[in-house]
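This report describes a predicted model, with attention to its backbone geometry and to the surroundings of its ligand. The sequence and structure are shown first.

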Amino acid sequence: MSGRRNETSATTARGSIRRQLFVQLLAVAAILSLAFFLIVREVAGRVAEATQDDILAASATSIADSLRFEGGEVTLDLPYSALSMLGTINEDRVFYRIVADGRTLTGYDDLPQARPSATAPRPQFATFDYRGDRVRAVTLLRPVGSGSTPVQVAVSVAQTRLGMAAISARITSIATAIGVGFFVVATALSLLAARSALSPLARMTLSVTRRGPADLRPLRTAAPRELVPFVDALNGFMARLRTALGQSEDFITEAAHRVRTPLATLRAQAEVTYRKLERPEHRQALREMIRAIDESARSAGQMLDHAMVTLRTDSVAHETVRLDELVRETCDRFAPTAGLKDIEIVTELPPAPVVLAGDRILLQNALHNVLDNAVKYSPADSTITVRLSAEPGAPRRVRLSVADQGRGFDGRDLKQLTRRFSRGSNVGDIVGSGLGLTIADEVARAHGGHLDISENSPGAGACIALVLPSA
Amino acid sequence: MRFLLIEDNERLASAIAERLRLDGHAVDHATTLSAARECLDAAAFDLILLDIMLPDGDGRQFLAGQRRARNAIPVIVITARSAVSDRVSLLDLGADDYITKPFEFSELEARCRAVLRRRGGSAANQTSFAGVTLDATRGSLNTGRRIETLRNRELRLLEVLFNAPGQVFSKAQLMDRLFSFSEDVSENAIEVYIARLRKRLGGTDARIETVRGLGYRLVGPR
Ligand SMILES: Nc1ncnc2c1ncn2[C@@H]1O[C@H](COP(=O)(O)OP(=O)(O)O)[C@@H](O)[C@H]1O
C-alpha cells in the first residue's frame with residue numbers, strides 16, 4: 001500500500017478532447033480552404049472568360065459594322081483592328097467566318113457556326129474543339145441591306161484559349177497558395193483554440209492536484225458553464241468521501257473507547273485487589289490476570305492504531321514537520337514510562353533543524369511504537385539512544401535510529417518482523433501483538449522511506465531506524 | 001497529593017480513586033463538568049485527572065476553558081482514544097500530559113511527578129526523617145551535606161519507607177511498588193535496590209534495617 005501520490009494515472013486515457021477538437025477544427029479549415037480554392041478558381045475563370053467573350057463580341061461587332069450592301073451584294077472590308085484586338089493576347093490563333101444567306105462570304109469554311117435565332121439577335125457564345133485546339137467562339141447575326149428583306153449575315157469569330165489557360169493557371173496557382181496559406185494559419189489557430197478552450201480544465205486539475213490529500217473542501221475555482229456539472233459532481237464526491245473518512249475515524253475512536261474503558265476499570269480494580277492479597281498463589285494468579293488485561297489492551301490499542309495509521313497513510317498529509325522537535329517531544333513524553341524501569345532515553349539531535357514533509361501524527365506514532373519496543377525488550381538500568389542524523393551516502397535522507405541495550409534479535413528472522421502479527425523468537429514472556437514494527441514500517445514507506453532493522457553495533461541490543469526523505 | 005478526578009464512568013472512577021488512596025493520595029471525584037467546576041471552586045487541588053469524553057460536554061472544551069481562566073492546576077488527560085490521533089491537539093489545548101486507558105498506576109504516578117516537576121515542584125512533597133529530606137517531585141535526597149539525585153526506582157522505594165518510618169515492609173510489598181506486572185523478577189532483586197539506598201544514605205542518621213524473615217524498615221539514630 002503506498003500513500004504516495006501515484007505518478008501514473010489509474011485511468012487509461014481514451015481519446016483526447018484536445019486532439020478531437022483540433023482534428024475537427026482542422027477538418028473545417030481544410031474544407032473551407034478547398035472551397036475557397038474552388039471558388040476563387042471558378043470566379044477567376046469566369047471573369048477571364050467574360051473578358052475574352054467581351055473582346056470576341058467587340059471584334060464580331062466591329063466586323064458586322066463594316067458590312068455593306070452594294071448592288072444586291074453583301075460586301076465586307078475586314079477591318080484590321082477587329083482581329084488585332086484579339087491578337088494581343090499571347091499567341092492565340094484567331095478564326096473567323098462570315099456567312100450571308102447560307103454562303104460563306106469570307107473566312108474559314110469549316111468553322112462551326114451556332115445558329116442564332118432571328119428573334120433573339122444577341123451574340124451566341126460557344127466552346128468547342130477546332131483544328132486541334134479548344135476555341136471560344138461568338139456568332140453575331142446582323143441584317144444587312146435595305147428594303148423589306150434584308151440579308152441575314154452571321155459573323156463568327158473564334159479564338160484559341162491558350163491565353164485563357166495561362167491566366168487561369170496563374171489564378172489557380174495563386175488560389176492554391178492562398179488556400180494553403182489559409183489552411184496553415186487555420187491550423188495554428190485551431191491549435192491555439194483547442195488549447196485555450198481546455199485551459200480551464202488544466203487550471204482546475206492544477207487546483208485539485210496542488211491541494212493536500214486531506215484537503216477535501218469543495219472546489220471553488222470559477223469554471224466555464226460546461227464544466228459546472230463536472231465540478232459539482234466532483235464536489236459532491238469529495239463531500240461523501242469526507243463524511244466516510246470522518247465516520248471511519250469516529251468509528252475507530254468509539255471502538256477504542258468501548259474496548260479500553262472497561263479494560264481500564266478491570267485493571268484498576270485488579271490492582272486494588274492485588275494490594276490487599278496476602279497469599280502468594282493468589283497474588284500470582286492476579287498477576288497473570290493483569291498481564292492478560294495488559295496484553296489484550298495492548299493488542300486492541302495497536303490494532304486500532306494500525307487501522308488509524310492505514311486510514312491516514314492512504315492520504316499522507318504533507319505538512320512541514322520539524323522532525324528534531326518531534327523526536328525531542330516524543331522522547332520527553334516517553335521518559336516517565338522508561339523511568340519506571342530506570343531506563344534513560346538519550347537523544348542525539350543535530351544542531352540544525354531537520355525538516356521534512358509528512359504527517360506529524362503518523363511519525364509520532366511510528367517513533368512511539370519503536371520506543372515502546374525498545375523499553376519493552378530492554379533490561380532495567382539501561383540506556384536507549386535516539387539519534388537523528390543524515391543518512392550516510394544518501395543525500396536528502398535522514399536516519400532516525402533507536403538503539404537499545406536489550407536482548408537484540410538472534411540474528412534471525414529480521415525480514416519477518418515487519419509482517420503483521422509476526423513476533424520474533426526472542427520475545428520470551430514479553431507481551432506484544434506483533435503490530436508495532438508493522439506500523440513503523442508502514443509509516444516509513446508512506447513517507448517514501450523505509451525501516452531499517454539491525455543489531456545495535458557497537459554493543460548489544462537492537463537498532464531500529466526510520467530512514468526518511470528530508471525536505 | 002490531592003487529585004480531582006473527572007470521569008463519568010462510576011466504576012472506573014471509584015477503582016481509580018481507591019487505588020490512588022492506597023498510595024496515600026486524597027481524591028475528589030466529579031462525574032460531570034459542572035460538578036468539577038464546583039469542586040474547583042470549593043477546594044485546592046494539586047492535579048486534575050480528566051477524561052475527555054464526558055456526558056455534559058467535551059473534556060477538551062473544559063481544558064481550553066481552564067487554560068483561558070489561567071487556572072494553573074496541572075491537568076493530565078485520561079484518554080481512551082487511539083494513542084495516535086489525539087495527542088497533538090490535547091497538548092495544544094493545554095493538557096500537561098495524557099495517559100491512555102488502561103494504565104498502570106505506577107506510570108500515572110510517574111507522569112504526575114514529571115508534570116509537577118515541570119511546573120516547578122511543590123514544597124508539600126517533601127518528607128524529612130532523621131535530618132534527611134526526600135523531595136519526591138524533584139527526585140532528590142538532601143542528606144544535609146550533599147544533594148543526591150535518585151533514580152526512579154530508588155526514589156519510589158525510599159518514598160515508601162520515608163512515608164512510614166519504623167514500619168516493616170515485606171519484600172513482596174516493596175516489589176509491588178517497584179516492578180510492573182509484566183516483569184518476572186525474583187524477590188532478591190529488591191536487595192539490589194536496598195543496597196543502593198543504603199549507599200545513598202551512608203553517613204546519615206537514617207538507616208534501612210533488615211528485619212530477619214519479615215522485610216525492611218527505616219530507622220533513625222541508634
Ligand atoms: N527493541 C527490540 N529488541 C529486540 N527485539 C525487538 C525489538 N523491537 C522489535 N523486536 C522484535 O520484533 C518483533 C516484532 O515487533 P512488534 O511488531 O513491535 O511486535 P511486538 O508487539 O511483539 O513487540 C518482536 O516480536 C520482537 O521479536
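B:Pro102 is placed in the loop between strand S7 (97-100) and helix H5 (105-118) of chain B; helices (H or I, at least four residues) and strands (E, at least two) are DSSP runs, numbered from the N terminus. The peptide bond joining B:Lys101 and B:Pro102 is cis, with omega about -10°. Chain B has a mean pLDDT of 86, and 92% of its residues reach 70 or more, pLDDT being the predictor's confidence in each residue, from 0 to 100. The model scores ipTM 0.86 and pTM 0.69.

In chain A, the loop between helix H6 (323-339) and strand S9 (344-348) holds A:Asp342. Although A:Asp342 is not a glycine, its phi is positive, about 55°.

This is a predicted model in which local features need pLDDT of at least 70 and side-chain atom pairs count only at pLDDT 80 or more, while totals for chains, interfaces and linings use all residues. Residues are numbered from 1 along each chain as its sequence is written, chains are lettered from A and ligands numbered from 1 in the order in which they are written, and side-chain values use heavy atoms, with hydrogens and water left out.

The ligand has polar contacts (pairs of N or O atoms within 3.5 Å), including those tabulated here.

| Residue | Protein atom | Distance to a ligand oxygen atom |
|---|---|---|
| A:Asn373 | side-chain N or O | 2.7 Å |
| A:Tyr377 | polar side-chain atom | 2.8 Å |
| A:Gly424 | backbone N or O | 3.0 Å |

Taken alone, the ligand exposes 530 Å², of which the protein buries 100% (Shrake-Rupley method, 1.4 Å probe). Around the ligand there are 20 residues, and A:Asn373, A:Asp404, A:Arg423, A:Asn426 and A:Ser433 come nearest; a residue belongs to these surroundings if one of its heavy atoms lies within 4 Å of the molecule. Helix H7 (360-376) and helix H8 (436-446) of chain A are the elements that give two or more residues to this shell. The largest share, 3 residues, comes from H7(A). By class, the shell divides into 8 nonpolar, 9 polar and 3 charged residues.

Definitions and conventions: A polar contact is a pair of N or O atoms within 3.5 Å; within protein, one must be able to donate a hydrogen and the other to accept it, and residues adjacent in sequence count only if both atoms are side-chain atoms. Ala, Val, Leu, Ile, Met, Phe, Trp, Tyr, Cys and Pro count as nonpolar, Asp, Glu, Lys and Arg as charged, and the others, Gly among them, as polar.
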